[in-house]
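Here is my note on this model. Please keep the structure open while you read the points.

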Amino acid sequence: MKAVVIRRGENAPTVADVPRPEPERGEVLVKTLRVGVDGTDHEVIEGSHGSFPAGQDYLVLGHEAVGVVEDANGTSLEAGDIVAPTVRRPPDDGTNEYFERGEADMAPPDECVERGIDGAHGFMAEYFTSPAETLVSVPDELAEWGFLVEPISISEKAIEHANASRSAFEWNPDSGLVLGNGSLGLLTLAMLDQRGYERTYCLGRRDRPDPTIDIIEELGGTYIDSRVTPVDQIPDAHESMDFVYEATGYAKHAFETIEALAPGGVGALLGVPEPWEFEIDGGKLHKEFVMNNKALVGSVNSGVDHFEAAVETLADLPSWLLEDLVTGVYELDDYEAAFRDDETTIKTAVQFNQI
Ligand code: NAP
Ligand code: BGC
Ligand code: ZN
């Protein structure tokens with residue numbers, strides 16, 4: 001079968017013929033419909049994140065998938081069901097406490113593999129197999145957007161953890177700032193809007209006209225240009241934020257977030273930066289953090305519950321947003337277009353089968 005892969009030593013994906021997987025006991029064979037592309041895929045392709053499966057010279061890409069069950073293989077699913085797979089699986093040397101507890105998303109990197117990212121083949125192929133318990137049902141009418149369930153689930157988890165960190169006192173956030181106008185940032189801005197944040201902001205570094213700024217403003221948010229207003233100056237230029245969601249991968253933002261937060265506020269850090277040394281006033285930030293009861297949470301990956309919540313969230317997102325956010329869905333013959341990374345591209349997917 002055909003798969004989109006990155007080969008060791010190369011810096012662009014190619015289409016390869018790979019063996020069609022056979023479902024083992026408890027696994028389901030899924031025919032792939034669409035697979036999304038995000039910033040992480042670009043990091044994997046350029047070699048700054050992730051790894052090849054042990055002993056192999058290529059990695060099947062893709063961790064944001066929606067497909068249709070081809071062979072339920074005696075599991076509780078049925079042929080024809082639309083499903084989205086979670087990303088993490090136990091490491092090659094066996095399972096561990098995180099998987100036994102059903103909390104794979106809380107496993108440290110050396111205690112799991114991630115399909116399409118780190119040590120395990122992904123879903124960007126005509127078929128994939130996956131254990132039934134890793135497949136989350138997607139209603140038929142959402143099949144075309146089902147590749148957005150995984151990225152939305154990432155924010156379901158991050159928001160849940162941020163809210164949990166503020167659960168010991170009366171916390172009623174109404175100002176929310178998203179750092180990053182990529183697909184994850186824009187989806188999250190829409191989620192804050194959906195969750196009743198009165199004032200939302202989104203940070204980018206683009207000139208107008210720009211399609212991401214249009215989406216920010218259509219959502220009722222305020223665009224902030226980081227070249228004009230650095231993150232730590234946002235309270236002076238706008239207001240202090242109850243919630244900050246970092247989706248730039250720009251390491252200084254993790255620290256500047258402390259200054260952007262209002263007393264009692266929380267920042268969720270999602271970016272996966274490379275090593276970068278720079279100076280900060282650690283004492284000032286430490287004191288600011290303590291004296292104002294602020295919190296920062298790091299959040300990675302997501303579990304079945306987050307996927308299920310994401311399906312609900314997706315169903316409630318306005319259709320104009322989905323249409324504007326997804327700037328291209330490309331057939332396998334044109335897969336290279338899905339990996340283009342220019343200013344007209346927001347979110348793309350590769351389509352393996354018509355919906
Ligand atoms: P993306 O498409 O690369 O988006 C990042 C956005 O941030 C881009 O639009 C970029 O602007 C903007 N940006 C970067 N530095 C900036 C700066 N200094 N000032 C203003 N804007 C800046 O990636 P994505 O798919 O949305 O993901 C966002 C980040 O989250 C990535 O680092 C990704 O690895 C990470 N991620 C983490 C998880 C997790 O589980 N923790 C899940 C998914 C993604 P330009 O396009 O104009 O350069
Ligand atoms: C994926 C997550 C993964 C993370 C770190 C993200 O793009 O959506 O599932 O855990 O990258 O590799
Ligand atoms: Zn991702």
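**Notes on the two ligand sites**

1. Start with ligand 1. Its shell takes at least three residues from domain 1 (2-137 + 318-351) and at least three from domain 2 (153-298). Bear in mind that this is a predicted model.

2. Look at the elements next. α1 (39-46), α4 (183-194) and β13 (199-204) each give the ligand 1 shell at least two residues. The largest share, three residues, is from α1.

3. There are 26 residues around ligand 1, and Gly39, Arg205, Arg206, Ser226 and Ser299 come nearest. By class, the shell has eight nonpolar, 14 polar and four charged residues.

4. Now the polar contacts of ligand 1. One of its oxygen atoms is 2.8 Å from a polar backbone atom of glycine 39. An N or O atom in the side chain of glutamate 43 is 2.9 Å from an oxygen atom of ligand 1. The protein buries 84% of the 920 Å² that ligand 1 exposes when taken alone.

5. Is serine 299 buried or exposed? Serine 299 counts as buried because its relative accessibility is 9%, and the cut-off for buried is under 20%. Serine 299 sits in the loop between β17 (295-298) and α9 (304-316). Leaving out residues up to four places away in sequence, serine 299 touches Lys157, Ala158, Leu269 and Leu270.

6. Turn to ligand 2. The residues around ligand 2 include Asp38, Thr40, His49 and Asn301. Its shell has four nonpolar, four polar and three charged residues.

7. Threonine 40 has a side-chain N or O atom 2.5 Å from an oxygen atom of ligand 2. For histidine 49, the corresponding side-chain distance is 2.7 Å. The protein covers 92% of the 310 Å² of accessible area that ligand 2 has on its own.

Key: Residues numbered from 1 in each chain as written. Chains lettered and ligands numbered in written order. Predicted model: local features only at pLDDT ≥ 70, side-chain atom pairs only at ≥ 80, totals over all residues. Heavy atoms only, no water. Near = heavy atom within 4 Å. Polar contact = N/O pair within 3.5 Å; in protein donor to acceptor, adjacent residues only side chain to side chain. Areas by Shrake-Rupley, 256 points an atom, 1.4 Å probe, with all protein chains shown as cover. Nonpolar A, V, L, I, M, F, W, Y, C, P; charged D, E, K, R; others polar. Helix = DSSP H or I, 4+ residues; strand = E, 2+ residues; numbered from the N terminus. Buried < 20%, exposed > 50% of the residue type's maximum accessible area, 1.4 Å probe, protein only. Contact = heavy atoms within 4.5 Å. Domains from an automatic or database assignment.
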